[in-house]
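Dear colleague,

I am handing over the structure below, together with notes on what turned up in it.

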Amino acid sequence: MQSFINRQLDFMGKRRLAFIASGLMLLASVAALLINGLNLGLDFTGGTLVEVRYATAPALASVREALEAAGFQDVAVQTFGASTEVLIRLQQAFDAGVGDQVVDLLKQGGASVELVRAEFVGAQVGDQLRDQSGMGMLVALGIVMLYVAFRFQYKFALGALLALIHDVVIVIGAFALFGFEFDLTVLAAVLAVIGYSLNDTIVVYDRIRENIRKSRIDDMPAIFNEAINQTLSRTLATSGTTLLVLLALVTLGGDMIHNFAVALIIGIGVGTFSSIYVAAALLLPLKLSREDLIPTKKEDPEAEELP
């Protein structure tokens with residue numbers, strides 16, 4: 001493992017293939033969004049929430065099948081806290097007796113069930129959440145661009161912004177492609193991906209800037225390769241340990257945070273890729289040069305006249 005980390009890999013030599021791969025992923029994501037659209041959760045669409053408590057933990061699949069067989073549509077069933085607490089989401093208009101109807105239906109199988117609450121999430125609230133979440137994401141991207149431009153240089157800011165847009169579009173596109181439910185927890189994961197990807201990008205950018213200033217050559221691909229190889233062990237360690245935790249959440253965390261963990265897994269994988277092959281590699285076609293970071297000193301005509 002150590003010999004692999006110490007090996008100097010030619011990342012920039014494969015950048016054209018990486019650009020093609022990124023382009024294909026983006027095209028697939030945009031096509032999925034246009035054709036399939038997002039499977040918006042109850043947080044955005046509005047509907048009915050019913051929480052019930054079982055005496056013993058039920059099989060969620062059987063609960064869902066029983067409700068669908070009774071005519072309820074777009075049913076989502078998940079545990080809520082304890083394994084005996086079940087949250088049922090119904091994308092339908094609220095009825096004062098819907099909670100009792102659900103409980104009576106579930107009791108038909110002989111289970112001991114009691115109603116905890118039944119409430120309505122209005123479509124107006126869903127529209128407000130959708131608008132505010134979209135605005136929040138745009139504000140976050142704008143602040144990121146200003147920060148990177150101030151911290152580094154505007155070409156770095158442009159590369160970082162394109163990388164973050166790349167990551168967000170692919171994560172959302174994956175949910176559209178596979179039909180996963182997109183709710184507020186997934187939106188939180190998308191915002192977390194922005195932060196994670198930016199952090200990794202800043203580490204790479206900082207090493208690139210440092211190496212450009214120290215290097216005596218103007219071969220930018222070689223300088224970039226050296227910088228990325230120097231940060232590779234840190235990137236692999238951070239991404240690897242984070243993915244292990246997320247895999248545990250996917251398998252053991254239950255339905256409540258399943259999509260949240262899935263979104264983060266996709267985002268961290270794509271974000272690690274984009275830190276190298278989008279954020280960093282785009283600096284080459286943007287013509288980043290030593291003069292962008294080390295301005296040439298203007299000659300002093302008075303100094304030239306001195307003996």
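Two strands are taken to pair if DSSP finds at least two bridges between them, while helices (H or I, at least four residues) and strands (E, at least two) are DSSP runs numbered from the N terminus. This is a predicted model, in which local features need pLDDT of at least 70 and side-chain atom pairs count only at pLDDT 80 or more, whereas totals for chains, interfaces and linings use all residues. Residues are numbered from 1 along each chain as its sequence is written, and side-chain values use heavy atoms, with hydrogens and water left out.

The sheet

Four strands make up an open sheet in the order β3-β4-β2-β5, with antiparallel pairing. The edges are held by β3 (75-80) and β5 (113-121), each of which has a single partner strand, so one side of each is left without a neighbour in the sheet. From one strand to the next the twist averages 20°, where axes are lines fitted to C-alpha atoms and angles run from 0 to 180 degrees between N-to-C directions.

Strand β4 (residues 82-90) pairs with β3 in the antiparallel sense over six bridges; Phe80 stands opposite Ala82 in β4, and Leu87 in β4 is the bridge partner of Gln78. The hairpin of β3 and β4 has one residue between the strands, and Gly81 there takes a positive phi near 85°. Strand β2 (residues 47-54) runs antiparallel to β4 and is joined to it by six bridges, with Arg53 opposite Glu85 in β4. Because seven of its nine residues are buried, β4 is largely enclosed by the rest of the structure; buried means under 20% relative accessible area, exposed over 50%, and partly exposed in between (1.4 Å probe, protein chains only).

The aromatic rings

Rings of Phe, Tyr and Trp (its six-membered ring) pair if their centres lie within 6.5 Å, and planes under 30 degrees apart count as stacked, over 60 as edge-to-face and the rest as tilted. On that rule, a search of the whole structure finds six aromatic pairs. One of them is the edge-to-face pair of Phe175 and Phe180, at 5.5 Å centre to centre with 80° between the planes. Phe175 counts as buried because its relative accessibility is 0%, whereas Phe180, at 28%, counts as partly exposed. The rings of Phe175 and Phe182 have centres 6.3 Å apart and planes at 90°, so this pair is edge-to-face as well, and both Phe175 and Phe182 are buried. Ring pairs link Phe175, Phe178, Phe180 and Phe182 into a cluster.

The cavity

A cavity is a set of points, on a 1 Å grid over the protein atoms alone, where a 1.4 Å probe fits but cannot get out, and its lining residues have an atom within 4 Å of a point. Grid points are joined across faces, edges and corners, and a volume is the space filled by probe spheres set on the points. The count comes to one cavity of 30 Å³ or more, and about 30 Å³ of space lies in the largest cavity. Its lining consists of Tyr196, Asn199, Asp200, Arg234, Thr235, Thr238 and Ser239. The elements that give two or more residues to this lining are α8 (184-214) and α9 (220-252), and α9 supplies the largest share, four residues.

With best wishes

Key: On a 1 Å grid over the protein atoms alone, a cavity is a set of points where a 1.4 Å probe fits but cannot get out, and a pocket is an open set with protein on both sides within 12 Å along at least five of seven lines; lining residues have an atom within 4 Å of a point.
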